[in-house]
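These are my notebook entries on one structure. I set down what I looked up, entry by entry.

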Amino acid sequence: PQENQRRVRQAYYACISYVDAQIGRVLDALERTDLSGNTIVVLWSDHGYHLGEQGLWGKTTNFELDTRVPLIVRGPKMKAAGQASPSIVELLDLYPTLAELAGLPISEELEGKSFAKVLDAPSHETKTVAFSQYPRGGGLMGYSMRTASHRFTQWIHQATGEVRATA
């Protein structure tokens, strides 16, 4: 019902406002205690959340709202602090990025790629595509590729390998 939808949206936005305030408190405390010069702060989400868009509620698709997530990094000596970036990154890029920022070795076996250069130059391009996958009923697995301008999703039957749909 419309009233329930309104309440769910209000609760979701209230949660975001609360989290935002708490992040501010953490950053203020780092400044107050002189720890900001050697502390990296990362805020991310596991995946997005539908709030009635396309008739969906929750986190259950390969659509843009489910696969695009907040990712905010604050590190010492960042040259582009507070700036957004159009660079494509994936959550699996987070580990090599943190390792690089901390001066630790990065294994060549990782699938992720550091986006540390983006923190100084937001226009720096780290990769040209991001990948995601999510299952659908009927034994289907959706595989998506996201570029700067397009998303391609293909639904493949897991048992037979047959392509069932492409979007």
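What volume does the second largest pocket have? I noted about 180 Å³ for the second largest pocket. The model is a predicted one, in which local features need pLDDT of at least 70 and side-chain atom pairs count only at pLDDT 80 or more, while totals for chains, interfaces and linings use all residues. Residues are numbered from 1 along each chain as its sequence is written, and side-chain values use heavy atoms, with hydrogens and water left out.

**Entry: pocket**

I took a pocket as an open set of points on a 1 Å grid over the protein atoms alone, where a 1.4 Å probe fits, with protein on both sides within 12 Å along at least five of seven lines; lining residues have an atom within 4 Å of a point. The volume is the space filled by probe spheres set on the points, which are joined across faces, edges and corners. The residues lining the second largest pocket include Ile40, Pro76, Lys77, Met78, Glu100 and Asp120. By class, I recorded six nonpolar, one polar and four charged residues in this lining. Nonpolar covers Ala, Val, Leu, Ile, Met, Phe, Trp, Tyr, Cys and Pro; charged covers Asp, Glu, Lys and Arg; the others, Gly among them, are polar.

I then looked at Lys77, one of the lining residues. Lys77 lies in the loop between β4 and α3, helices (H or I, at least four residues) and strands (E, at least two) being DSSP runs numbered from the N terminus. Its phi is positive, near 65°, although Lys77 is a residue other than glycine. With a relative accessible area of 78%, Lys77 is exposed; the classes are buried under 20%, exposed over 50% and partly exposed in between (1.4 Å probe, protein chains only).

Gln54 is not a glycine, yet I found a positive phi of about 55° for it. Gln54 is placed in the loop between β2 (50-51) and β3 (57-58). Why does Gln54 count as exposed? Gln54 counts as exposed because its relative accessibility is 56%.

**Entry: salt bridges**

Side chains of opposite charge can pair when their charged atoms come close. I counted eight salt bridges, each being a side-chain nitrogen of Lys or Arg within 4 Å of a carboxyl oxygen of Asp or Glu.

Which residues are linked with Glu3 in a network of salt bridges? Arg6 and Arg7 are linked with Glu3 in this network. For Arg6 and Glu3, the closest N and O atoms are 2.6 Å apart; both residues lie in helix α1 (residues 2-32), three residues apart. Between Glu3 and Arg7 the N to O distance is 3.8 Å. Glu3 and Arg7 are separated by about one helical turn, because they are four residues apart in helix α1. Arg7 is partly exposed at 44%, as are Arg6 at 40% and Glu3 at 36%.

I also recorded the salt bridge of Lys127 with Asp93, at 2.9 Å from N to O. Lys127 lies in the loop between α3 and β5 and Asp93 in the loop between β4 (71-74) and α3, so this pair ties together parts 34 residues apart in sequence. Lys127 and Asp93 are both buried.

**Entry: Phe131**

Phe131 is in strand β5 and is exposed, its relative accessible area being 52%. I noted 39 Å between the C-alpha atoms of Phe131 and Asp34, which are 97 residues apart along the chain.
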